[in-house]
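Me: I'd like to go through the strands of this protein with you. Could you take my questions one at a time?

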Amino acid sequence: MRSTFRFLLAALVSFIPLAAMAAPPVSDSFAITGARVFDGTQVISGATVVVTGGRISAVGTDVVPPAGIPVIDATGSTLLPGFIDGHAHAWSREELERAIVFGVTTEMDMWSSPHFVASTRREQERNGAPYRADHFSAINPATVEEGYPYNFTPRKIERPTLSNPWEAEPFVADLVRAGANHLKIMMEDGHLNGFPMPILTRATIQALTQSAHNHGMLAVAHVTKKELAGYLIEDGVDALVHSFVDAPADSAFVQLAVNHGIFMVGTLSAEESFVTTDGGASLIADPNIGPYLTDQEKEWLLTPAPPTNMTPQNLAIAMENVRLLHDAGIPILAGTDQPTHGISIHRDFELLVQAGLDPIDVLKGATSKAAAAFGLADRGRIAPGLRADLVLVAGDPTADIKATRAIQRVWKIGVEIDRPLPSTHPLHLR
């Protein structure tokens, strides 16, 4: 989607690592009392959460904080699991540092450099990478020569492709060796751009999904067209990482999705950006978001996407498809597909509610359901034994989804994240 055209710029910009310049104090054992706790599935009012050694050790209304650890009074606030962005593109550590400032503690990446993925994976395994979002990537997507997205990217970007079913196994095996967490399949025939693009054959997609599953990986798909989305589901993909925009899902499609047990990442904020920058402007104007934005992030939020055939009607169709699939029981996850890491997920939350989801269902899609869909058993909920990836916000986002923007504190594996205002930082971005 839009990030295909803009992530290259993000990958080449030298960010100043704000978190690295003013490291917050480490305190991985503490208690939070009096909070409204959304534990990933339900709300527990007036609860206490105890964190010990970076893990949650107790949750409940009758929990007494152990002696000798810091106690944080969170009366009137809501504690949530760290948000999981179900569709991101990260090419630098600094982007992941920006994500966590806005409450995103895990990014499911859909295209990145194998060298960068190797470095983030090593860091996560070594020390948990406490000052940035975790990064799990598909690395290079499966597509054909001169197919999407390589027909829009410079030759210097690594661009492995395949064209036949027998190439699927070595393609997937190479990704596994490089540290890929999941396989991404590109299926974009050019209907949104006004000119045809070559796409993978169905036999090749079947071979790719089978190979991915043989290696214990999910196969997820970029697709914006209903007919192709149906083929992908029939051919074995586990998820659609966009809501298709050309036609509403009919009952046959919905039943197909249910029968195959897929999940969807809606990326409504990305799809909106092809139609209008009003969503970006609203984030800049929000007093809980705007002051934390760099000038460059504001510029990205206000920059129109390259011209396509997307219309407001297409966006309305995408939102209706999210509602139809959600109502049928398909897990709908939050995901941005934007270079504004951590920021646009809050607009995505808002659009999912506008599409017809209850706020609590949106929050599930950014926490427990996202963790379950991607097989991340150690996060996405506030429960004993799980990682203390936490976001404390003012207000009640289970009633008003925009309360996710009123972030008071963020922790990853029990380590509190510093959230400096760029305007007060001596080396803030232009």
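Reply: Happy to! This is a predicted model, where local features need pLDDT of at least 70, side-chain atom pairs count only at pLDDT 80 or more, and totals for chains, interfaces and linings use all residues. Residues are numbered from 1 along each chain as its sequence is written, and side-chain values use heavy atoms, with hydrogens and water left out.

Me: Is strand E1 largely enclosed or open, and how many of its nine residues are buried?
Reply: Strands here are DSSP runs of E with at least two residues, and helices are runs of H or I with at least four, numbered from the N terminus. Buried means under 20% relative accessible area with a 1.4 Å probe, counting protein chains only. Strand E1 covers residues 30-38 and is largely enclosed by the rest of the structure, because its buried residues number seven.

Me: Which residue in the turn between E1 and E2 has a positive phi?
Reply: Two strands pair if DSSP finds at least two bridges between them. E1 and E2 (residues 43-52) run antiparallel and are joined by six bridges, with Phe38 opposite Val43. They form a hairpin with four residues between them, and the positive phi of about 105° belongs to Gly40.

Me: Which residue in E5 stands opposite Val37?
Reply: E1 also has parallel partners: three bridges link it with E4 (residues 71-73), where Thr33 has Asp73 as its bridge partner. With E5 (residues 77-81), E1 runs parallel over two bridges. There, the residue facing Val37 is Leu79.

Me: What is the bridge partner of Met108 in E8?
Reply: E6, E7 and E8 make an open, parallel sheet in that order. Its edge strands are E6 (83-88) and E8 (134-137), each pairing on one side only. E7 (residues 104-109) and E8 share four parallel bridges, and Met108 is partnered by Phe136.

Me: At about what angle to E6 does helix H13 run?
Reply: Axes are lines fitted to C-alpha atoms, for helices over the stretch in contact (heavy atoms within 4.5 Å). Angles run from 0 to 180 degrees between N-to-C directions. Helix H13 (residues 344-355) lies across E6 and E7, and its angle to E6 is about 95°.

Me: Which residue of E11 is the bridge partner of Ala221?
Reply: Another open, parallel sheet has five strands in the order E9-E10-E11-E12-E13, with E9 (182-187) and E13 (332-333) at its edges. Within this sheet, E10 (residues 218-223) and E11 (residues 239-240) are joined by two parallel bridges. The partner of Ala221 is Leu240.

Definitions and conventions: Buried < 20%, exposed > 50% of the residue type's maximum accessible area, 1.4 Å probe, protein only.
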